[in-house]
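The following exercises concern one protein model and are to be worked with its sequence and coordinates at hand. Each task is followed by a solution in steps.

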Amino acid sequence: MDGAHPDFADCASEPIRVPGGIQAHGALVVVDPDSLRVLQASANAETVLGLRLVPGQVSTIHAIPGTDVDPMIGEMLRWLRGGAESTFLRTARLARRHTQVIGHRTPQGVILEFEEGPEHENETLAALYPRLGRFVNAIEPVTDIRAIAATAARETREITGFNRVLVYSFDEEWNGTVIAEDGDGVLPSYLDLRFPASDIPAQARELYRLNRLRLIPDVDYLISPIVPAASPADGRPLDLSFAGLRSVSPVHLQYMQNMETAASMSISILVDGKLWGLISCHNRAPKRVNAQVRTACDFLGQTLSLQIGARERHAHASRRIELKRTESELLARLANSDSFEAGLAANPEAWMGLTGAQGAAVVLDGEVKTTGRTPTPAQLRQLAAWLEDNAEDDVFVTRSLSESWPEAEAFTDVASGLIAASISQIRASYVMWFRPEVVHTVTWGGDPRKAMAPGPDRRFGPRRSFERWKEVVHRRSQPWSAAETASAADFRNAIVNFVLRQAEQRAQLSDELARSNRELESFSYSISHDLRAPFRHIVGYAELLSERESQLDEKSRHYLDSIVEAALSAGRLVDDLLSFSQLGRQSLSPIAVDMNKLIEETRQSLLPDAAGREVEWRIGNLPAAWGDGILLRQALLNLMDNALKYSRTRSPAVIEVRGDDRPEETVYTIRDNGVGFDMAYLAKLFGVFQRLHRSEDFEGTGIGLAIVKRVIERHGGWIRAEGETGEGATFTFGLPKQEAVNG
C-alpha cells in the first residue's frame with residue numbers, strides 16, 4: 001500500500017459485512033421472529049416478491065402473494081421453534097414464481113432470501129444426491145490430497161457447469177496455490193500458480209471461514225439497497241455476513257473483471273475450523289446457480305474438508321509417533337550422560353532427527369556444542385542473545401530467520417530455518433535446530449509486487465495482469481511441520497525437567513558433601529590436635545636420652561637422631577594438617593589489605609632460609625586486596641617459601657611478584673626460576689600430600705599448596721599454576737573486589 005496515494009481505499013478496512021445492499025438477482029426481507037413483522041427489505045422486494053412496503057404502515061410476510069405463503073410460514077415457525085438447524089431452506093410458489101427461500105437467524109432479525117428456483121429437475125438436491133455419494137466413494141481410498149482435490153474440482157464443475165474450477169490451498173502466510181483444476185478450455189489454466197495473500201484480505205478470509213459458500217452470478221449486477229438502511233433492532237447497518245445475496249466489494253468485482261470472469265462461486269475448505277483453502281469456480285459469461293445446487297456444492301466442500309483433515313491428521317499422527325520414538329530413545333541415552341548437552345553431542349543423528357534438521361546446537365551459559373551444519377559458535381551466541389530479547393514463546397519457529405533478524409543473512413546457507421527451544425528462564429540458553437535455505441522458483445499468477453494498480457480515475461484497484469510471473473525465492477528453508485514443532489516443544493519440556501532433576505541431585509549431593517566435609521574437618525582437627533602431644537613427648541624423651549652420651553655408642557646416638565628428626569617431621573605434618581582443617585572452620589574477616597606491606601613482611605620472615613644464597617627479589621607495586629589478612633599471609637608465605645625452596649639450585653635465584661588491578665578482581669603472580677614441574681601432573685599439584693619432587697631433594701609435607709588453594713577459594717577467588725621442568729614455576733591467583741567477597 002503506497003501512502004503517497006490518498007485516494008486509495010484500503011480494502012482491508014472496507015465494510016464488506018455491511019455493504020448496505022444485495023445482488024439484485026434475488027430479494028431479501030428481515031422479519032421479527034415473534035411477530036413476523038417486516039423490519040427491513042431490499043428495494044426490489046416488490047418487483048421480485050410483490051411485497052409492497054408502505055412507509056408508516058406495518059407489514060408482515062403474510063403480505064407476500066402466493067399459494068405457498070402460509071405453508072412456508074408454518075414451516076419457518078417450526079424451524080424457529082426447533083432452534084437446531086442454522087439454515088431454513090424451502091421451495092415455494094410465491095408471486096407466481098417457483099422460488100427458493102433461504103433463512104438464517106441474526107440478532108437483528110430473521111433474514112429471508114428469495115431466489116428463483118431450479119430450472120431443471122436434475123438441478124434439485126434429490127437428483128444430485130447419487131452423484132455426491134459416488135464422489136464420497138471415489139475419494140475414500142485415495143491418500144494423496146492433490147488427487148482428492150482433482151476429483152473434487154471435476155465433480156464441482158460437472159454439478160455447476162462453470163468453465164473452470166480450481167482448488168486453492170493457503171500456506172502459512174496466506175499465499176494461495178492452485179493444487180487442482182478442471183476446465184473446458186474457455187478460461188486459461190492456473191494450475192500450480194501461486195496468488196499473493198493480498199488477493200484475499202484478512203477480513204474476506206474470515207468471511208469465507210464463517211460463510212462457506214459465496215456466489216456472484218453476474219459481475220455487472222445491479223445493487224438493490226436495504227430499506228431502511230439502519231436496523232430497527234439496534235440502529236446499525238444490517239449485518240449480511242451469512243447472506244448469500246450480500247453485495248460484493250467493488251475491489252473484488254474489479255478483480256473479477258481483470259481476470260475476465262463474469263461469474264464466480266467460492267466454496268470454503270475448512271480443516272479443524274481453520275480456512276485451509278477454497279474451491280473457486282469461474283465462468284466467462286454470467287451464470288446463475290440455484291440454492292439446491294449450491295447446497296450440494298457445500299456438501300461436497302464439507303466432504304472434501306473432512307477428507308483433507310483426516311489425511312493431514314493421519315500424516316501428523318504418524319510423524320508424531322515417529323518423532324516420539326526418536327525422542328524416547330534419545331532421552332534414554334541422555335539419562336546415562338553426565339550432562340544433557342554432552343549426551344546430545346554424543347547422539348547427533350537422533351538429536352537432528354527430532355525435527356528433521358540438517359544441523360543442531362545447544363547454547364548453555366555461553367558454552368556451545370553443535371552437530372551437522374550450523375553457524376559458528378560466535379554467531380550462535382549472538383543468536384541466543386537475540387532470541388532472549390525477541391522470542392516471546394518458549395519455542396521460536398521460522399523458515400526465514402533473516403526476515404526477523406537481518407544478521408542471519410550471513411549464514412542462510414546453513415540456517416535459514418530455525419526452531420529454538422528455551423531451556424532457561426534466567427540465561428540465554430537454547431537448544432536449536434537448523435535447516436538451510438532451499439533456493440526454488442515460484443510461478444505466480446501475476447507479479448505479486450503489483451497487487452494494486454491505479455485506474456483511470458487515479459484510484460488504486462486490484463492488479464490487472466494474471467500472466468505467469470516467476471520468482472526465484474532465497475533465504476527460505478523447507479517449512480517445519482506441526483509435528484516437528486510439537487516434537488521440539490516436547491523435548492524442551494523433557495530437557496527442562498532433566499536439568500531441574502540434575503540440579504536437585506547436585507543440591508542433595510552438595511549437602512551431603514558439605515556434611516561429610518564438616519565431619520572430616522572435625523575429625524582431622526581432633527586427630528591433629530591429639531597427635532601433637534605424643535610427638536612432643538617422643539622428641540623430649542629422645543633428647544633426654546641422647547644427653548646420656550657416656551652410656552650410648554655411636555649407632556645408638558644415630559638412632560636417637562633419626563627418631564628426633566622423624567618426630568619433628570611428623571609434628572610439622574600434624575601442624576600443617578591442623579592448619580588445613582582449621583581453614584574450613586575459620587570465618588573470614590575481610591578488610592582492605594596492603595599487599596605491598598604483606599609481601600615485604602613475608603619476605604623478611606624468609607630471609608633466614610635465604611642466608612648464604614644469592615636471591616634476587618623482583619617485587620612490583622602491588623594493588624590492595626580485599627580479604628582476611630591472616631589467611632592471605634599464610635597463603636603468600638607458602639607460595640614464596642616454595643619459590644625460595646625450589647630455586648635453591650639456582651644462582652641467582654630470581655623470585656618475582658607482580659599485581660594487576662582489574663575491574664572486578666585483583667590478580668597476583670609469583671614466579672621463580674627454580675626446578676619447575678611437569679604440566680602433565682598439574683591435577684595433583686594442589687592436592688593434600690601430593691608431592692612432585694622427592695622428599696630427599698626438597699623437604700615439605702605436601703600440604704602447603706592445598707592450604708593456598710583453600711585460602712584463595714574461601715575468598716571466592718581462583719588460582720592456577722604453570723611450569724616447565726627446569727624452567728621454573730608461576731602461580732597466579734585472583735581475588736574478587738570487596739562487593740563480591742562472601743565471608
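**Exercise 1. Salt bridges**

Solution. The criterion is a side-chain nitrogen of Lys or Arg within 4 Å of a carboxyl oxygen of Asp or Glu. R662 has a relative accessible area of 34% and is therefore partly exposed; buried means under 20% relative accessible area, exposed over 50%, and partly exposed in between, with a 1.4 Å probe and protein chains only.

The model is predicted, so that local features need pLDDT of at least 70 and side-chain atom pairs count only at pLDDT 80 or more, whereas totals for chains, interfaces and linings use all residues. Residues are numbered from 1 along each chain as its sequence is written, and side-chain values use heavy atoms, with hydrogens and water left out.

Step 1: by this rule the count comes to 31 salt bridges. One of them pairs E172 with R399, whose closest N and O atoms are 3.0 Å apart. This pair links distant parts of the chain, 227 residues apart: E172 is in the loop between β7 (164–170) and β8 (176–183), and R399 is in the loop between β16 (395–398) and α11 (401–404). Helices (H or I, at least four residues) and strands (E, at least two) are DSSP runs, numbered from the N terminus. E172 counts as partly exposed because its relative accessibility is 47%.

Step 2: R209 forms a salt bridge with E206, with the closest N and O atoms 2.7 Å apart. The two residues are separated by about one helical turn, because they lie 3 residues apart in helix α5 (residues 202–210). R209, at a relative accessible area of 32%, is partly exposed, and E206, at 29%, is partly exposed as well.

Step 3: a network of salt bridges links R319, E322, R435 and E484.

**Exercise 2. A helix pair**

Describe how α4 packs with α7, using the axes and the residues of the contact.

Solution. Step 1: two packed helices are described by the angle between their axes and the distance between the axes. Step 2: the axes of α4 (residues 145–160) and α7 (residues 291–334) come within 11 Å and cross at roughly 175°. That angle makes α4 roughly antiparallel to α7. Axes are lines fitted to C-alpha atoms, for helices over the stretch in contact, and angles run from 0 to 180 degrees between N-to-C directions; angles under 35 degrees count as roughly parallel, over 145 as roughly antiparallel, 65 to 115 as roughly perpendicular and the rest as oblique.

Step 1: on the α4 side, I145, I148, A149, A152, E155, T156, I159 and T160 take part; they meet V293, C297, L300, L304, I308, R311 and E312 of α7. Contact means heavy atoms within 4.5 Å. By class, this contact has 10 nonpolar, 2 polar and 3 charged residues. Here Ala, Val, Leu, Ile, Met, Phe, Trp, Tyr, Cys and Pro count as nonpolar, Asp, Glu, Lys and Arg as charged, and the others, Gly among them, as polar.

**Exercise 3. Backbone geometry**

Solution. Step 1: most residues other than glycine have a negative phi, and most peptide bonds are trans.

Step 1: D365 counts as partly exposed because its relative accessibility is 48%.

**Exercise 4. A loop residue**

Is S647 buried or exposed, and which residues does S647 contact?

Solution. Step 1: S647 lies in the loop between α16 (629–646) and β26 (653–661). Step 2: S647 counts as buried because its relative accessibility is 0%. Step 3: leaving aside neighbours within four places in sequence, S647 is in contact with R613, A653, N673 and G674.
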